[in-house]
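Dear colleague,

I am handing over the structure we spoke about, and you will find it just below. After it I have set out what was found, so please read the notes with the model open beside you.

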Amino acid sequence: MTWENPPAWRRQQILRDTRTVAVVGASPNPARASNFVATYLLASTAFDVYFVNPNASTILGRAVYPSLAELPVAPDLVDVFRRPEDLGGVLDEVLALDPVPSTFWLQFGLFDEDLARRAESAGLTVVMDRCLKVEHARFAGGLHLAGFDTGVITSRRRD
């Protein structure tokens, strides 16, 4: 049986229920996707966002933590920007947290069915090969500014 991401309504519910996000593999380099996503999360969401990267001290003016275990809070959602070969270790870090986050989210290009099954068997909800920024903007109605049909129904007239 092939593993599938949660349907759109469930991903929307995950984002609605999330309060705290840890971005693992966040980069201080503005040319990196993780920095772009981090900028969006800080500017356009109500999430409390924490950055994890052992090789950086600040990103976007915020403290960076060397590991998930060193975060001052337990995140609801862990958003991962790491190489595929590092994902198992990141999941191990996630599962060692107390309490364990509710969602393990892997960015575009990251997909591993065995890893997803392992995470789900530990009680995590898993989303893979999806961008947290894109999904949030989609459900918040923000992608229409870029010309995408979000499917969000509104009573406002278009100009």
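**Charged pairs and the sheet**

Arg 117 is partly exposed in this predicted model, with a relative accessible area of 34%. Arg 117 forms a salt bridge with Glu 113, and the closest N and O atoms of the two are 3.3 Å apart. Because they are 4 residues apart in helix H4 (residues 113–121), about one helical turn separates them. The structure holds 7 salt bridges, and another of these joins Glu 135 to Arg 11, with the closest N and O atoms 2.5 Å apart. Glu 135 lies in helix H5 and Arg 11 in helix H1, so this pair ties together parts that are 124 residues apart in sequence. Glu 135 counts as buried, at 4% relative accessibility, and Arg 11 is buried with a relative accessible area of 4%. By contrast, Glu 85 and Arg 83, which also form a salt bridge, are both exposed.

Turning to the sheet, 7 strands form an open sheet with mixed pairing, in the order E3-E4-E2-E1-E5-E6-E7. Strands E3 and E7 stand at the edges, each with a single partner strand, so one side of each is left without a neighbour in the sheet. Helix H1 lies across E5, E6 and E7, running at about 110 degrees to E7.

Technical notes: Residues are numbered from 1 along each chain as its sequence is written. This is a predicted model: local features need pLDDT of at least 70, side-chain atom pairs count only at pLDDT 80 or more; totals for chains, interfaces and linings use all residues. Side-chain values use heavy atoms; hydrogens and water are left out. Two strands pair if DSSP finds at least two bridges between them. Helices (H or I, at least four residues) and strands (E, at least two) are DSSP runs, numbered from the N terminus. Contact means heavy atoms within 4.5 Å. Axes are lines fitted to C-alpha atoms, for helices over the stretch in contact, and angles run from 0 to 180 degrees between N-to-C directions. A salt bridge is a side-chain nitrogen of Lys or Arg within 4 Å of a carboxyl oxygen of Asp or Glu. Buried means under 20% relative accessible area, exposed over 50%, partly exposed in between (1.4 Å probe, protein chains only).
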